[in-house]
Structures are given as structure tokens and as C-alpha cells.
Amino acid sequence: MVDDSVNRRKFLYGTGAVGITGLAGCSGGGDGGDGDDGGDGDDGGDGDDGSDGDDGGDGGSGDLSLRVGTSAGGTQDVGLAVERAVSEESDSLEYSTVESPGFIGTIRRMANDQFNAGITDNNSLSKALDERGDFEEEPVDRIPQYGFAAFPYSIYIVARDDTDIETFDDLAGANVYPAEPGYSTRATTLDVWSQDPTADVYEEMSIQNMGVGDAPGAMEEGNIDASIAYGTPGERYTGFVQEIASRVDIHYVEPTDALRESAEMYAGAGSSTIAYDDWPIADTDIGTDEVFTWDLQVNYTFNPDANPDAVYELCRVVDEHNDVVNEGESQFNDYESTEDMLAYATEDIPVHRGAVEYYEENDAWDDSLEEGGSE
């Protein structure tokens, strides 16, 4: 479905339709974070250094607290905006932001009770659930439960103007940069490309593995032919993509039918078509009116034993005072209705019972979803 403009509400529903039938997605941020530079900074660490023993579990409702694991960069900006909104709009909930090493690291640290809530993505959750990827050799004992949709990262491809790359098929044999190793946006991109019907092109690519700080220079020097471009639609692009656009003449790489099919079939990674005028890279003309994207879906999640009253109260604040959160950080989703909060929910990941209670009381609950249990 083509969006006439980047209306975040339409965007939420566009990605959510995919999320209800499957599970995946991906995200990013610099310096080991998940935000402006798109990395998930997965260090595989579980450590004890983030824990104070207070997990905000099912204690008395008069002592409501959530410690929220939040990656550096844009994700942390979102978390801090939510924390400010809670401080201003709730008399009962104590919310604290705890820096965490990326989306995968957040899942690991939640499993170790270092905090009872966290911002992570559907693709990382899917891999944790199925013990794939980073979780194949080091699985976790429990998976966070869904709370509400936070924001998307949308991804597409650009190439240098002095190449012959016009469509996705032309990437065969090219030096392609899908972001830094360890970044969730990279993982989701390679997950999409490496499946049929795009695997034949992917297998012919020369995948580049440098850090995001080196990518703009490498592209300027001709060592990278094409790169993913991503960010939050209508808001901004990740930093290295903006730098590429400011230093190199680039153009949009047209998706093939095979790429569209591959992106749309990858469970949990949403897909969208977005008007480029509503989301330009540094005012750069890349030769297209619209971009086709595969989308990383980023959520607030909660440990099963997180106090349901605390989860309920956080859902109330971000719903009833969504404008306050958006004023603090416009990257956070703009909810038109309570149903929008369930946009990235899937049948595979249970919804925390505190969130379920909030959705039921506001006639927004989807009976196709599963309510999570406690521990």
C-alpha cells in the first residue's frame, strides 16, 4: 500500500499487518546502542553490573517501579522522553532508564533480572524464541513479553551514481554495505536477502564489514558501491547515512519483484512504500518519488514477573499523554488510537498481562493474541 504521506498512524498499521502473522524485525544505534547509528551493540554480555537486585516484580501496587533497559543513541532518546512523561503525568509509577548494550543485550539482561522492562525489536525476540542467530549457542531461559509499539526503522538501498547499479539484481558482484556487523538493521537486511527468492543475488554480493564511522569515506573512495539507508520515516536517518548523502552522489536502487516478495514474506519484518518527499536524506535527490522498505519493529517489552499495575500505568501514560512523549522525542510513535499500541504485536510473543488489562479496558484487545503468564 502506497502512503501518500508519512502519516505515522498509517505506517503503524502497514507494519502491524505483517507482525500479527509472524515475528521478526531489527534495529540500530551507535556506540553499542540502537539509535542514530543503527547498531544493537550486542556484546553477548549477561554480566551482573547492571543489577541492583530490585526488579520491580509483583510487589505491592503501592510500590510501582520499572527499570527499563535502553540502548544508546536514538533508542535512549525515546526512553528518556517516556521517562519524562511518566515523571510529569503519573503519581504512582517510578520509571528509571538503565543503559543496555543493544537489543540483543537487553533481552539477555532482562533474562538475568538486571531490569524488568526493556526496549528491543521483533527480530531479536524471534531469534531468542527460536534459538537462532546470536541465541543459537547461548539461549536465554525466558523471553520478554510484548507491551506496546515504540517506533520503526525502515530500510532500503542506495548506490553511488558512478556505478551501473539500477535494480536489486545489479547488486550481484557489487561491494554492498548492510551496516556494521552486530547491528540489528544489518541482521534483518541479511535475513531478508538470504532467503528465496533473493538468495541467488545475495550470494553474489561482496558484503562489506567495516564500522559505520568508516563507511562514508569508503563509499566516497569507491570501495562501497551500494549501502542500506535507514531511519524512522518522517523523522530522520541514521547518522552515517546522512553523511554518505552529504559526501557522495547517490541514487535509489529499485526493488525487484523478488525483493518485494522476500521482504513481505519475512515473518515480523514489516514492509512499506513511503513517499520520498516526506522523508528525504539531507535534502538529496535520489531519483525516486517513493521508496520500498523492509521495517524493523521496536517495542517496549516486560519480564513476565514485572508488576502488572506498573505495566498498566505505563501503558496509560504513553497512550493518554502520547503528545507529551512526542514533544520529548518525535521518533516515538504517534498513536491515533489505543489499538495502534498493538501494531507490532504477534501471535508468537505473549502480551504482558498488565498491558492486556489496559487494552481490554479500552476496547483495544485483539483476541488473536496471547496473554502472557507470570513466573
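How many nonpolar, polar and charged residues does the lining of the second largest cavity have? By class, that lining has eight nonpolar residues, no polar ones and no charged ones. Before we look around, please note that this is a predicted model, in which local features need pLDDT of at least 70, side-chain atom pairs count only at pLDDT 80 or more, and totals for chains, interfaces and linings use all residues. Residues are numbered from 1 along each chain as its sequence is written, and side-chain values use heavy atoms, with hydrogens and water left out.

**The chain as a whole**

- The chain holds 12 helices and 11 strands. Both are DSSP runs numbered from the N terminus: helices are H or I with at least four residues, and strands are E with at least two.
- Of the 375 residues, 61% count as buried. Buried means under 20% relative accessible area, exposed means over 50%, and partly exposed is in between (1.4 Å probe, protein chains only).
- Among contacts with a separation of 6 or more, 78% come from residues 24 or more positions apart. A contact means heavy atoms within 4.5 Å.

- A cavity is a set of points, on a 1 Å grid over the protein atoms alone, where a 1.4 Å probe fits but cannot get out; its lining residues have an atom within 4 Å of a point.
- The second largest cavity has about 30 Å³ of space. Its volume is the space filled by probe spheres set on the points, with grid points joined across faces, edges and corners.
- Y156, I157, Y252, V253, P255, L259, F292 and W294 line this cavity.
- Strands β4 (145–160) and β11 (290–302) each supply at least two of the lining residues.
- For the classes in the opening question, Ala, Val, Leu, Ile, Met, Phe, Trp, Tyr, Cys and Pro count as nonpolar, Asp, Glu, Lys and Arg as charged, and the others, Gly among them, as polar.

**Helix α4 and its two ends**

- Helix α4 covers residues 122–130, and seven of its nine residues are buried.
- Those buried residues are N122, N123, S124, L125, S126, K127 and A128.
- They pack against α3 (102–111), β3 (117–121), α5 (184–193) and β11.
- After α4 comes E131, which has a positive phi near 55°.

**Backbone points to look for**

- Most residues other than glycine have a negative phi, and most peptide bonds are trans.
- A cis peptide bond joins D196 and P197, with omega about 10°; P197 lies in the loop between α5 and α6 (199–202).
- D113 has a positive phi near 65°. You can find D113 in the loop between α3 and β3, and it is partly exposed at 29% relative accessible area.
- D363 also has a positive phi, near 55°. D363 sits in the segment after α12 (353–361) and counts as exposed because its relative accessibility is 70%.

- S71 lies in the loop between β1 (64–70) and α2 (74–89), and counts as buried because its relative accessibility is 0%. The side chain of S71 reaches the backbone nitrogen of G102 at 3.2 Å.
- H251 lies in strand β9 (residues 250–252) and is buried at 11% relative accessibility. A polar atom of the H251 side chain lies 2.6 Å from the backbone oxygen of I165.
- Leaving aside neighbours within four places in sequence, the contacts of H251 include I157, V158, T163 and I286.
- L64 belongs to strand β1 and is buried at 6% relative accessibility. The C-alpha atoms of L64 and V311 are 8.8 Å apart, although 247 residues separate the two along the chain.

Conventions. On a 1 Å grid over the protein atoms alone, a cavity is a set of points where a 1.4 Å probe fits but cannot get out, and a pocket is an open set with protein on both sides within 12 Å along at least five of seven lines; lining residues have an atom within 4 Å of a point. A polar contact is a pair of N or O atoms within 3.5 Å; within protein, one must be able to donate a hydrogen and the other to accept it, and residues adjacent in sequence count only if both atoms are side-chain atoms.
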